[in-house]
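Trainee: I have a structure open and would like to go through it with you. Can we start with how far to trust it?

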Amino acid sequence: MAAAILSSSSCFSVPTKLKNLSLTSSSSANYPSLSFSSSISHHLFNKGCLSMSVVVKRPIGHSIVCEAAPMKRPDSAAKRARQAEKRRVYNKSHKSEVRTRMKKVLEALDGLRKKPDAQAEEVFPIEKLIADAYSVIDKAVKVGTLHRNTGARRKSRLARRKKAVEIHHGWYTPAPAPETVT
């Protein structure tokens with residue numbers, strides 16, 4: 001907001017976006033007059049507010065206070081930046097949770113694979129971790145944080161690793177492929 005105080009014999013340019021607005025005075029009138037530069041378009045003043053008031057401070061002269069302030073609309077680029085930041089933080093938390101759940105499952109499976117005297121029942125707590133990881137992955141895909149192919153690949157990675165551990169310990173034997181008759 002720019003403000004200017006004019007005496008009866010001064011000329012002043014308002015130092016704002018309205019650089020071509022000039023206030024001039026005529027010495028013949030009691031109050032100074034306002035004139036606007038021809039390069040200023042009329043719609044420029046429709047977007048803002050121009051107010052004037054006469055201030056009497058001294059007995060010999062009058063002063064005019066003129067304030068010009070454009071009414072600024074919210075910037076769409078700034079709104080987009082705010083929205084993008086919210087989404088970034090939201091997506092980052094989802095991705096972090098997916099990585100954390102996958103890491104827990106993979107560490108548990110590696111520990112079970114390295115254990116020489118592991119029992120088949122030890123897989124059940126890991127299956128619970130896998131189910132939780134699947135749930136988190138599915139939610140991340142649903143809200144758009146992960147692509148559906150990425151979610152499917154990560155779920156497949158967990159299932160393959162679990163199956164590899166079960167095959168390693170002999171708890172799972174793949175069925176032989178059916179023979180085709182020709």
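Trainee: What is the mean pLDDT of the chain?

Mentor: The mean is 77, and 61% of the residues reach 70 or more; pLDDT is the predictor's confidence in each residue, from 0 to 100. This is a predicted model, in which local features need pLDDT of at least 70 and side-chain atom pairs count only at pLDDT 80 or more, while totals for chains, interfaces and linings use all residues. Residues are numbered from 1 along each chain as its sequence is written, and side-chain values use heavy atoms, with hydrogens and water left out.

Trainee: Where is confidence lowest, and where is it highest?

Mentor: Strand 2 (residues 12–13) is lowest, with a mean of 44, and helix 3 (residues 123–142) is highest, at 97. Helices (H or I, at least four residues) and strands (E, at least two) are DSSP runs, numbered from the N terminus.

Trainee: Over residues 1–19, how many contacts beyond four places in sequence does the model have?

Mentor: It has 46 there, although pLDDT stays under 50 over residues 1–19. Contact means heavy atoms within 4.5 Å. Residues 24–29 also stay under 50, with 15 such contacts. Where pLDDT is low, the predicted coordinates should not be read in detail.

Trainee: Fine. How many helices and strands does the chain have?

Mentor: Four helices and six strands. Along the sequence the pattern reads β-β-β-β-α-β-β-α-α-α.

Trainee: What share of the chain is buried?

Mentor: Of the 182 residues, 23% are buried. Buried means under 20% relative accessible area, exposed over 50%, and partly exposed in between, using a 1.4 Å probe and protein chains only.

Trainee: New topic. How many salt bridges does the structure hold?

Mentor: Eight. A salt bridge is a side-chain nitrogen of Lys or Arg within 4 Å of a carboxyl oxygen of Asp or Glu. One of them joins Glu85 and Arg88, with the closest N and O atoms 2.8 Å apart. Both residues lie in helix 2 (residues 76–114), three residues apart, about one turn of the helix.

Trainee: Which residue forms a salt bridge with Lys155?

Mentor: Asp138, and the closest N and O atoms are 2.9 Å apart. This pair links distant parts of the chain, with Lys155 in helix 4 and Asp138 in helix 3, 17 residues apart. Lys155 is partly exposed at 23% relative accessibility, and Asp138 is partly exposed at 38%.

Trainee: And Lys162 and Glu166, are they buried or exposed?

Mentor: Both are buried. They form a salt bridge whose closest N and O atoms are 3.7 Å apart. Lys162 and Glu166 both sit in helix 4, four residues apart, and helix 4 covers residues 148–169.

Trainee: Which residues are linked with them in a network of salt bridges?

Mentor: Glu127 is linked with Lys162 and Glu166 in that network. The side chains of Lys162 and Glu127 also make a polar contact at 3.1 Å. Such a contact is a pair of N or O atoms within 3.5 Å; within protein, one must be able to donate a hydrogen and the other to accept it, and residues adjacent in sequence count only if both atoms are side-chain atoms.

Trainee: What else does Lys162 touch?

Mentor: Leaving out residues up to four places away in sequence, Lys162 touches Leu109, Val123, Glu127 and Ile130.
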